[in-house]
Every structure is written in structure tokens, then in C-alpha cells.
Amino acid sequence: MKPYTFHITLYDAAFFGMLFIGLTFSLLLWFARKTNQPTNRLLATILAIAALWIVRILGTDIGLSTYITNWGRLPLQFSLAIGPLIFFYVLKITRPEYKFTRRDLLHFSPLLVELSAWALEVLESIKTGRATYDTLIFQRINPVLLLLAFISVIIYLYRCRMLIENFYQELKFNGGDRYRHELKWINNLLTGFGLLWLLWIPFIAADYFYHDYQLGIQAYYPLYFLLMSMLIWMAARAFLRPEISAQADSLPVLKPLLPAELKQKGVWLKRVVKENNYYQDPELSLSSLAEKLGMHTHELSRIINTVLKKSFNDFINEYRVQAAARKMQDPANDHITLLGIAFESGFNSQSTFSRIFKQVTGKSPQEYKNNLKKEYPYYKLRSDTQFAPVVLNHETAPKWSHDKTNRNFMFKNYFKIAWRNLTRNKSYAAINITGLAVGIAVCMVIFIIIQFQTSFDSFHPKKDRAYRVLTEYHHAETGDITYGKDIPFPLPLGLKTAFPQIEQVAPIFASQNDQLIIPDENGATIKMFKEQRGLFYTNPSFFKIFNFPLLAGSYASLKDPDNVLLTKEVAEKYFGDWKSAMGKTIKLQMGGFMFEHGTDVLKVSGILATIPPNSDFQLKLVVSFGTGFTGDYLAKSTDWNRTVTDFGCYILLPQSLTADNFNQQLRAYSQKVQSSDNKDSHIIQALNAVHYDSQTGNYSNQTASHQLLNVLWLIAAFILLIACVNFINLSTAQAVNRAKEVGVRKVLGSNKSQLQLQFIVETFLIVASAVLLAVAITMLALPYINRLLELSLSFNIFSNPSIILFLLAVAVVVTALAGFYPSIVLSRFNPVNALKSKLTTDPARGISLRRGLVVFQFIIAQALIIGTLVIVKQMDYFMDQPLGFDKETIVNIPFRVDSLRMSRLNYLRNQLLSINGVQAVCYSSNTPIENGNDTWSAVRFDHATKETGFKAITKFADEGYVPTYKLKLIAGRNLQPSPFTREFLVNESLVKSLGLKNPGIY
């Protein structure tokens, strides 16, 4: 069986988890035996449909068709059934007695359209052999089906809302009870699902207006994830609720109860509420109490109103007043304020407590407590027969009881107070948010740069077995070892012959400064283009190693000479439409100014998809190896000593062969085929190390060493640390202004942990705001950074979810670093001194942490500034240091070499010299500086039989080369005019390498 490897992204893993959870709840809802099982099965069906949709997404994304060819023909899309199923689910909740009829099946009639479309897709898939999601019918019909599903769900969600409203209207009854929360949970969940469903609109708008419908399905993954999460949440709520049918619970209300039964239930109700202290819950309502007691709200309201002759609020508040009075009489509670007693008794505000207490006892809480101090403690509650309707404010407040702390409200209160503090101190908040935002933005840009640099050529499925062949140069005079990507011309063929276990061998030659001519049918030139880089010569094995998809054509066409593959962008530049480029003719005048190569006539045999920017192979044109210069010279050469900088080789090793083992065999092979004088050898380098090898280089001329990436990480950490330290210093400096606030909170009973949590929440708000501002700064700065660094960085959370994880990690880390110490400083203030305004900062207390942080901040800032100045000075030195020749007034004009141009060189020289201001003209293959076009040659000195242990760069030039570039001769004379290579000049480095002490002429 052919092995298959799943390539799973972070979103794929999340979808796998969602799929498992969704199917689990679907099975639980389907098979759980409950009174509302038929209703739950409707929700189970919705989850199953969503799970099938996720299966389709996962199968497409992970490339399941390479392993299971026809899996896409399975019916996995039933989106037009989601809306009707949600409607009937809510209908069964609000009207459990409803019976389905055949007429209801009409709601599912649009599903026949979807199934018909699926059948047509399967038929086309069988005919063409393509996956169903790649067929033309799918591409045309699927957008229409998605639009119909969107409209369907919106309409049915509106009808569900109407069902819930009608349900509430039908439940009105006499008695004044309006606490109706039975369907609040499903109403909230459907509202959330509807809002998420409406997010289709901005997604489609962004795709249409900004990306011309070029966004892939990956851009919609966050929306799918949120919708699936909402459905799972709905299923969990439905499954965990003891009963979701409202009418089923209302049946006991319709059955008349005897007065004796009602009286017994009234006695039972008072005992249960008192024993279980239900009244201590400040959020207690009729529906929540009914849920705790396991009865319907109608029945509970009837008992309170009919038997006890009270409203629900009066019934509960009486218990709360009794509890407050008992606490006042207990000397153990003397240290607790009246507000604390009120919260512990179940009241949610001081005003409500004072009003209700006076209504029940006839005295205010303070008067009642003062009487207890003057007289013997007694407990006598006077019941006021004239009860006024009391409407409690359901905006809850935290209870001080450690047994039942309302944590949700506490956190809500923390956020509210934090927001008020920030809005009150706008300048303080603005400075902190801006400082953190700049630091986080710099870190985010560095993170994106590092992520981009570490992702080079990581998208190839066989990247772990792909290697580059390098030449290992042994310098005998120094004992050094260097490496080059250039290899001897016969090596690729030799590898294929000597090592048959190698799966693929791909020679590659990168040409430069090539001229492309687009002829018409008669051969006349229509367009002419010049490509500085991007033209490569290779064979089909290259594409068996690397994954560069084809839009049209075949890789096998590169087996024959004079064929070329174009990328989509180049084909559109040359021919307007890449589809019309197939079969067209291109004339290639290969770059290189040293030899005459002639003109090669190429046929376009394939179109490559867009080359990712994170690849060292920035292909534009791929010519079959064996065409022109590569066939006449490179492929036929037997010279093991000659190399060209841009001629290399990549191989694909079998899984059973390790790189170390193969390197031993390759070194032995090199010594065998090379001359005994040549001590150089060859090794292989893993593909994942190519981009980081700054010494050897690559075909993109873009490298990023591990040392550079580590320095970037260090800079990012220091900048973020400086931002945190700056925040800590400002927060602790601002602490004195908040001393009274801390004092009041401590007097009211807040402990250190609560205060620390409050200030950490405030820090989190600042950090969250800074993160949002940093995202905006990053998005605005990336285009300028791309132009400055010549990179292709992007900020796209849809295709790159690791950015979200990075932002979350930064938010958590910065909140912890920046908020921990200020929260400790603020929470340890003495409340007495704080309220008396005696809290001061003592400058004579020695070296505090804040002073140390200030010093640390300035040290790091100065170190970064000094480092920047040193780098600037070093760059100035590099730019201004004399190179040994004149580079200011030189203009290099590259042109191709052929017999016609060679015969007219003197004429061109005379014409150029006749131009006013032109002082000298020379012809040469290269400039005096080293570049990628240089040719390295072996050296034999003074008729020696053996070659030297090093190679020298060879440049071809005429007698005007030295005076034009103003090169200084320290010995000998200049070259004499000659049509042949009869003499040459060497530089001081070569003389020293040969071991000569006094330079002379040899």
C-alpha cells in the first residue's frame, strides 16, 4: 500500500477536535432517552450535517484524494437543510404537542436542488477524472447553493424568533409574574448563531472587493470554526438541561390542585428556602428558584401568591431582613459594616437594603443597630401589613460570603472599574498604551520576518529527503575548508551512474541577464524582454524533488531540448493571457558576456503556478537541460576541475539512506574520479539548511543565518522588556494617586489577592488595547518594510493562525510582566495612612525595584542606541572605504557577444569616445569586484605539473581595463592589445597565495 502523510495545519487540528466533539454530542442527543428525545434528534441531525461539512473541508485541505481517490463523490453537503431543521427544533420546544405532517416536508424541498447538483458533479467527476470540488459544475453552482443556504438560515432564524415571542405571549397569566426565562438560553444561542451567520457578508465583501474572488477556502476557516463552536454550545446546553420543553412543565399548572395540597406546598416552600439559604443569592429570580426546586415557574408563583399571599420579592426579602437582623445581633459580626451584612444576606445594593429593611422592621438598619447597642439585644420584627410593590434592581453586586462568591460579577466589576480608571486618567492610559503598542508592533514585525525567513522551502512534501550537492574546497596553504554551491560539470551524470540508489538527480544552471524575444508567426520581433534573474536550466527530476504545481502542460516536456516552462506571471507579461501562451515560441539569447551562445528557439510546453515568495527558487522560466549552452558544453564536459558559480545539483535520497552515510560514499567517489592533485571533495547539504547558509549562498541571493535570527529574537525581547519596564515605572509612579481608592476597598473588606486581580485586569485592558493598536501599526508599516528589505511579508491571520497565537502569548506575557509588580505595590498600601493622605514616597529607602528598573531601562536603551551607532558607522566605513579602483564615474553597459558585434567593437569604441565627457572605453567580462558571474579556474604556477590548492577568479578584459578603472600597477606593465589570451595580470592576493615575496613578471 502506498504510504500517505497527512499535512495538517493548526486549523485542521482544530477542525478534527470540533468534528470529534460534534459527533459525540450528536450521538448523545440521538440516543439519550429523555422525554424530549424527538426534539433532541433534530438538533443531532443539524450537528451531523455540520460535521459532514467539516469532513469535506478537512478532506480537501489535507489532500485526501491522493490516498482515497473518490472520497469527494460522497454526499457531504446538506446546507439547505440547516434552516428548516433549526425551525422545527424550536417549534418542538415551544409546541411539543405538534405533530409533523407530509406538508412539512416541503420545507426540505430545496435540498433536492442541492442533491441534484451533487449528482451532476459526480457525473462530471467520473467523466473527467477530477475531484467533484474541482469540476466546472461545482465552481458554478456551489456559490449559488451557498447563497441559498445563507438566505434560508436567515429566514428560518427569524421565524424561530417569532415562535419564541408567541410562546411568551401565550404564557401570560394573572398574578404579576413576568420572570419568564425558560427559553432565554435558546434565544441567546440562536441570536449568537445568527450574528455569526451574518459574518458571511463581510467575508464575501472582502473577497469580492479586495481579492477579486481569489481567496481560498482557508480564508473562511475562522468563520466555520465559530459556527461549529456555536452549534456544539447549543447541543451541550440542550443535552445538559434536565428538560427543554416548556409546555411539558406547564402541564401541572393546568391541573387544578386542592387547597390542602397548595397549603402543604407552601409550608414545604418556606422550609426549603430557609434551610438551603436560597435567599442569599442576589441574582435569585422566580425562574432560577423554580429551577433549583425542580418545579415550573407557574406552579411556584401560584404557591407564593395564593398560599403565602405575597409577591415573590416580598417573600424573599423577608428572609433576607431576618438574616440581616440576626447578623446585627451577633457580636462576632461587629467588625462587618452594614453594607457587608447586606451583601451577605442577599441584598445587591445598599439603597435596596435600607428601603426593604425599614419596610419590614419600621427602622433603618443604622437605627436598628444603634438600638441594639443601647438596649439589651432583642429580636422583634414588626411586619408591615401595607406592603408596597418592590422592584429589585437585578444589577447584581458581589456578596462577601466566601461560600457563594459571585465570580462572574466580580470580574465584570473589575473590568468596569478598570475602564473608569483609564478614562479618568486619559494621558496616563494613552502613554502606556502607545508605549506598549510600539514595543509589541516591533516584536510582531520581527516575528513575521523570522517566521518568513524560517519558512523557506518548507512547503515541499519531500523536503526532508532533498539535498544540495556542495564542493568542499581544501586550502593547503592555510588549512582552511570552504564550501561552494558550484560543482564540476560531469558530477550530475556521475552521481546518477555511480549511485543508482538515489531516487532523483537534478542538475540546475541559473542564467543571468537573459534576453527574451517574442516573435510573430513570420519570426519578426514583436516584444523584447530582459530577465536579470529567474531563468533556470533543469530536467523533470527537479519537479519530482520540489513541489511547484503546473497549471497547464507537463513536466516530462523538459526531457526534450528547446522546451520551456513559464510561470503564470511571466506568461501574462509576455503573451497577455497565460492560457494562450501554450505552444507559443520564444527566442532566448542566453546571458553571459564571455562566450558566444547564439539564439535558442524555445517552445512553451507548460505554465507553472505562482512561485511562493518563501522559496530560494524564484523561477520565471525553466528551460530543459540540454538546450543550447547546457547541451553543447555543460552536459558533455568531462573536466572535473572546471566549475561555474551558478551550476549546481540537487538530489533526492531514499528514506533508508542517511546523509552522513552518503557523504562518506560521495567523498570516496570524488577522490576516485578527480585527479590526485585535486584534494577537493563533495558533500551534500540538507534543503532546510540552504537558506541559512550565508557563506555558500543560494539562487535567490537571500540568506538569513541562525545567528542573525537569534539576534533579531534578542532585539525583540529587549524592546518588549523595555516597554514592560516603562509601563511598570509609570504604574508605580501613579500608585500614590490611587492610595485612597485602595484604602476604601480594604476598609470595605477587599483582601490583597482581590486588589491584585483588579489591577491585573486593568493591565490586561491596557495590553489588549495596545495589541489592537500594534496590529494597526504593523499593517501600516509592513508595506514600507517590504520595500526597504525587499521581502514579501504579509499580515494575514486567516492563512497564518500562528500570528493569533503570538498575539495571545504576547498579551499574556506582557500582562504578567507589566502587571504583577504594580499590583503588589498597590495592594500593600496601609489603608489608615492612605485615607489620611499620609502615604508618601521616601527617597531615602535605598535601592528599590523601581529605581533598578529605571536604571535597567536606560542601560538597555543606551546599549541599543550605541549598537545602532556602531552599525551605522561600520556601514559608512564599508561604503566609503577605497576599493582600489574608481567606481564613481564608471558606467557598465552589458550586451551580448556574437560574431557580428565582435566585428564592430572598434567602431563602437570610437563612437563612444566621440561623445563629449567620455574619457575611456574598455571591454570586459566582469567588473573588478567579485560577483555571481565570475568564473573560478584552477592554477598551475611556473609550469608546475600539479595544480595549486586554490582556485582563482578569471576575468577577461582588453588593454583599456586598467586605465579605465584606474587600477594601480605595483609591478610590471599593462596588457598589450591582442585578439588572443597571451598574457594576464594578477593581484597581490594571488602573489601572496603563491608564496612569492617580491612581485614580478613571470
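Here is a walk through this structure, from its cores to its salt bridges and its surface. The model is predicted, so local features need pLDDT of at least 70 and side-chain atom pairs count only at pLDDT 80 or more, while totals for chains, interfaces and linings use all residues. Residues are numbered from 1 along each chain as its sequence is written, and side-chain values use heavy atoms, leaving out hydrogens and water.

Let's begin inside. A nonpolar core is a set of buried Ala, Val, Leu, Ile, Met, Phe, Trp, Tyr and Cys residues joined through side-chain atoms within 4.5 Å. Buried means under 20% relative accessible area, exposed means over 50%, and partly exposed lies in between (1.4 Å probe, protein chains only). The largest nonpolar core has 62 residues, and Tyr89, Leu190 and Phe193 have the most contacts inside it. Two or more residues of this core come from each of α1 (10–31), α2 (37–61), α3 (82–94), α5 (136–170), α6 (184–198), α7 (200–211) and α8 (221–240). Such helices (H or I, at least four residues), like the strands (E, at least two), are DSSP runs numbered from the N terminus. Now look at Phe193: leaving aside neighbours within four places in sequence, Phe193 is in contact (heavy atoms within 4.5 Å) with Ile86, Val153, Leu157, Leu227, Met230 and Leu231.

Next come the cysteines. A disulfide is a pair of cysteine sulfur atoms within 2.5 Å, and by this rule the count is zero. Take Cys443 as an example: the closest cysteine sulfur, in Cys724, is 8.6 Å away from its own, too far for a bond. Cys443 is buried, with a relative accessible area of 5%, and Cys160 also counts as buried, at 0%.

A salt bridge is a side-chain nitrogen of Lys or Arg within 4 Å of a carboxyl oxygen of Asp or Glu, and the structure holds twelve of them. In one, Asp281 pairs with Lys292, with the closest N and O atoms 3.4 Å apart. Asp281 lies in the loop between α10 (259–275) and α11 (286–293) and Lys292 in α11, so the pair ties together parts eleven residues apart in sequence. Lys292 is partly exposed, at 40%, yet α11 is mostly covered, with six of its eight residues buried.

In a second salt bridge, Lys573 meets Glu531, with their closest N and O atoms 2.8 Å apart. Here helix α21 (residues 568–575) holds Lys573 and strand β5 (residues 525–531) holds Glu531, so the pair ties together parts 42 residues apart in sequence. Lys573 is partly exposed, at 40%, whereas Glu531 is buried, at 2%. Both belong to a network of salt bridges that also links Lys620. A further salt bridge joins Arg909 and Asp958 (3.1 Å, N to O), and both residues are buried.

Finally, visit the surface. Ile871, Met875, Tyr877, Phe878 and Met879 make a nonpolar surface patch of about 570 Å². Patches are made of residues with over 30% relative accessible area and no salt bridge, with like charges joined within 9 Å and nonpolar side chains (Val, Leu, Ile, Met, Phe, Trp, Tyr) within 5 Å. Accessible areas come from the Shrake-Rupley method with a 1.4 Å probe; for residues, only the protein chains shown count as cover. Met879 sits in helix α29 (residues 849–880) and is exposed, at 58%.
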